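Me: Hi! I'm new to this one, could you walk me through it?
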Amino acid sequence: MENKSFNIDVVEPLHGSAYYDYLHKAILSAKKNIYAAIFIVDPRVSQDVNLKVRNIFSALHAVKIKGVDVRVIIGTSDAEDIYLANFVAKKYFEHLGIIAKSYKSEKDSLHSKFVIIDEKVSIIGSPNWSDGGFGRHIEDSVCIQSNPINKYLKSRFLKIWKTSK
């Protein structure tokens, strides 16, 4: 695989709860599209103690209603708890009219955690969309404003999207 390098206009580190706060605000400001590839998405009531995962779902639904193209790719796992979390997430997205697909391959798995909003900003980091990812765990992310990176990630997302179900 070819390594690429890009010029970056702005990079903002996001530590701890700053990831959730930035993500939520960025989702609500979306005008055209939101593409998210997230390994674990866990909206189960028993696991989403602070309601942050379900608040992200609500924000995605709100912009979807306004005409924003919202697509989510969720990882897969043989681990029962991850499987169940992602199964519930996919059904919840479906209920909200948001297209969500699961990535499963014989050769590899999706472990990415990135979100592209309107090709203006990409949020890349370690948090899953879970109670732990949004506050209990030590997580680090960056918000990147760079047209070349955003276009590159969008093309990667769309390539993975084509092979997801």
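Me: How do helix α2 and helix α3 pack, what's the angle?
Reply: Helix α2 (residues 52–65) and helix α3 (residues 80–95) pack at about 30°, and their axes are 11 Å apart. Axes here are lines fitted to C-alpha atoms, for helices over the stretch in contact, with angles from 0 to 180 degrees between N-to-C directions. Helices (H or I, at least four residues) and strands (E, at least two) are DSSP runs, numbered from the N terminus. This is a predicted model, where local features need pLDDT of at least 70, side-chain atom pairs count only at pLDDT 80 or more, and totals for chains, interfaces and linings use all residues. Residues are numbered from 1 along each chain as its sequence is written, and side-chain values use heavy atoms, leaving out hydrogens and water.

Me: Which residues make the contact?
Reply: From α2 they are R54, F57 and L60, and from α3 they are A89, Y92 and F93. Contact means heavy atoms within 4.5 Å.

Me: New topic: is N150 buried or exposed?
Reply: N150 is buried, at a relative accessible area of 0%. Buried means under 20%, exposed over 50% and partly exposed in between (1.4 Å probe, protein chains only). N150 is found in helix α5 (residues 147–163).

Me: And what is N150 in contact with?
Reply: Leaving aside neighbours within four places in sequence, N150 touches I116, E119, K120, V121, S122 and I144.

Me: How many aromatic pairs are there?
Reply: The count is eight, taking rings of Phe, Tyr and Trp (its six-membered ring) with centres within 6.5 Å; planes under 30 degrees apart are stacked, over 60 edge-to-face, the rest tilted. Y35 and F157 are stacked, because their ring centres are 5.0 Å apart and their planes at 10°.
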